[in-house]
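Please read this briefing beside the sequence and the 3D view.

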Protein chains: 2
Amino acid sequence: MTDGPAVAGGARRRGRPSRTDSVEGPGARERILTAARAEFAARGYEKASIRGIAKAADVDPALVHHYYGTKEQVFEAAVEMSFAPALNAPEAVLDGGLDGVGERMTRFVLGVWENPVTREPLLAIVRSALTNDVAAAVFRKLVVRQLLRRIAGELAVPDAELRAELAAAQLVGTALMRYVIKLEPLASADPERIIARVAPVVQQHLTGS
Amino acid sequence: MTDGPAVAGGARRRGRPSRTDSVEGPGARERILTAARAEFAARGYEKASIRGIAKAADVDPALVHHYYGTKEQVFEAAVEMSFAPALNAPEAVLDGGLDGVGERMTRFVLGVWENPVTREPLLAIVRSALTNDVAAAVFRKLVVRQLLRRIAGELAVPDAELRAELAAAQLVGTALMRYVIKLEPLASADPERIIARVAPVVQQHLTGS
């Protein structure tokens with residue numbers, strides 16, 4: 001699929017969609033997904049609408065359904081897009097074995113949250129998941145199964161999945177308290193200070209006795 | 001102040017509020033606070049309105065402002081009411097000293113979340129705080145300062161406040177993953193199994209080297 005930056009600025013005329021990609025312009029599919037991600041990030045799952053996504057992508061709402069299905073499926077595709085960089089995380093975190101896996105996992109998660117470009121879509125997903133059951137199901141399916149199960153699979157301990165989830169609870173909780181609730185001194189603390197305190201705890205969850 | 005269950009059912013005529021409590025009926029102040037808590041719990045901080053609270057309490061919106069001030073101040077009063085049982089938590093958690101403080105804190109927090117009666121208002125507050133900056137500020141002020149600072153004050157360690165916040169991050173993260181996102185196996189795990197894994201981590205945060 002080619003991207004169509006030349007037509008992505010909304011210069012085309014609006015109207016009923018044709019059935020062919022060529023009339024919608026190249027890249028309509030990608031434009032819809034980008035617009036969906038922005039709409040869900042800005043308004044959350046509940047308030048976001050297919051109509052709003054279609055308008056931002058400069059297509060007819062029917063085309064959004066044609067490519068992606070229901071609102072839930074559009075959300076799932078947008079979450080998958082946001083999480084694409086993180087889907088390699090298990091390999092990055094597990095590379096080097098279980099020694100130091102706690103620190104690598106902590107550094108990876110804090111790195112994603114520390115960067116506003118990767119933080120904003122992630123925050124939108126977490127907020128949607130915490131306030132809407134459909135979004136929570138998507139979060140469980142994509143994030144948890146794809147990330148945590150793969151990490152748990154490498155742990156040669158009983159309760160591996162529960163351990164991975166409790167490690168994730170520490171990391172998600174820390175991110176929410178630091179970047180959203182903005183507790184002090186946590187919100188202003190140097191990331192290395194946080195890693196020094198959190199990494200051993202994550203390691204204990206994953207491999208401790 | 002007396003409670004007024006006899007007039008709380010909405011039997012009074014609506015109209016402009018008088019300046020006196022007696023015309024509004026006894027317990028108008030309490031009715032407003034109860035209605036505010038229900039409204040914020042059901043709709044979240046952003047969608048909740050003074051008008052909706054007034055309607056549920058069967059008073060004029062002006063009376064809500066008269067007693068509690070701005071929407072933010074009404075929210076603060078409602079959060080304070082929800083947290084009243086938890087405000088004794090630091091004493092309960094710290095009684096018995098620092099040995100076992102991790103387990104007592106973990107049991108206390110899981111106990112509050114395990115009971116639907118105490119979970120629902122707490123969840124409403126956390127959701128509001130995670131999606132609205134004004135609500136986040138109220139959460140910081142009441143919950144964190146009143147609970148975490150008092151626990152931190154008993155810890156004879158450097159970084160006591162950061163430690164208390166990271167312990168809270170583990171507990172809040174665990175509660176959100178278990179009761180809201182409903183990750184499995186965490187969501188269905190016996191509370192004692194969770195306490196066995198989380199309490200040592202909370203203890204390490206609070207008193208570990």
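**Annotated region and basis of the model**

In chain A, the span of residues 49–68 is 80% helix and 0% strand, and its end C-alpha atoms lie 13 Å apart; helices (H or I, at least four residues) and strands (E, at least two) are DSSP runs, numbered from the N terminus. UniProt, in an unreviewed entry, places the feature "DNA-binding region" at residues 49–68 of chain A; such annotations may be inferred rather than shown by experiment, feature names are shortened, and positions follow the numbering used here.

This is a predicted model, in which local features need pLDDT of at least 70 and side-chain atom pairs count only at pLDDT 80 or more, while totals for chains, interfaces and linings use all residues. Residues are numbered from 1 along each chain as its sequence is written, chains are lettered from A and ligands numbered from 1 in the order in which they are written, and side-chain values use heavy atoms, with hydrogens and water left out.

**Contact between the chains**

- Chain A and chain B each bring 42 residues to the contact, where contact means heavy atoms within 4.5 Å.
- Between them, chain A and chain B bury about 3800 Å², with 63% of it on carbon and sulfur atoms; buried area is the accessible area (1.4 Å probe) that two parts lose on being put together, summed over both.
- In chain A, the residues that lose the most area to chain B are Leu130(A), Ile181(A) and Arg197(A), together 19% of what that side buries.

- Two salt bridges are counted between chain A and chain B; a salt bridge is a side-chain nitrogen of Lys or Arg within 4 Å of a carboxyl oxygen of Asp or Glu.
- Arg193(A) and Asp159(B) meet through their side chains in a salt bridge (2.7 Å, N to O).
- On the side of chain A that touches chain B, α2 (28–47), α8 (116–131), α9 (133–152), α10 (160–180) and α11 (191–207) each supply at least two residues.
- The largest share of that side, 13 residues, comes from α10(A).

- The same surface serves both copies, as 100% of the contact residues of chain A recur in chain B.

**Salt bridges overall**

- Over all chains, the count comes to 16 salt bridges.
- Glu91(A) and Arg150(A) form a salt bridge, with their closest N and O atoms 3.0 Å apart.
- Because Glu91(A) lies in helix α6 (residues 89–94) of chain A and Arg150(A) in helix α9 of chain A, the pair ties together parts that are 59 residues apart in sequence.
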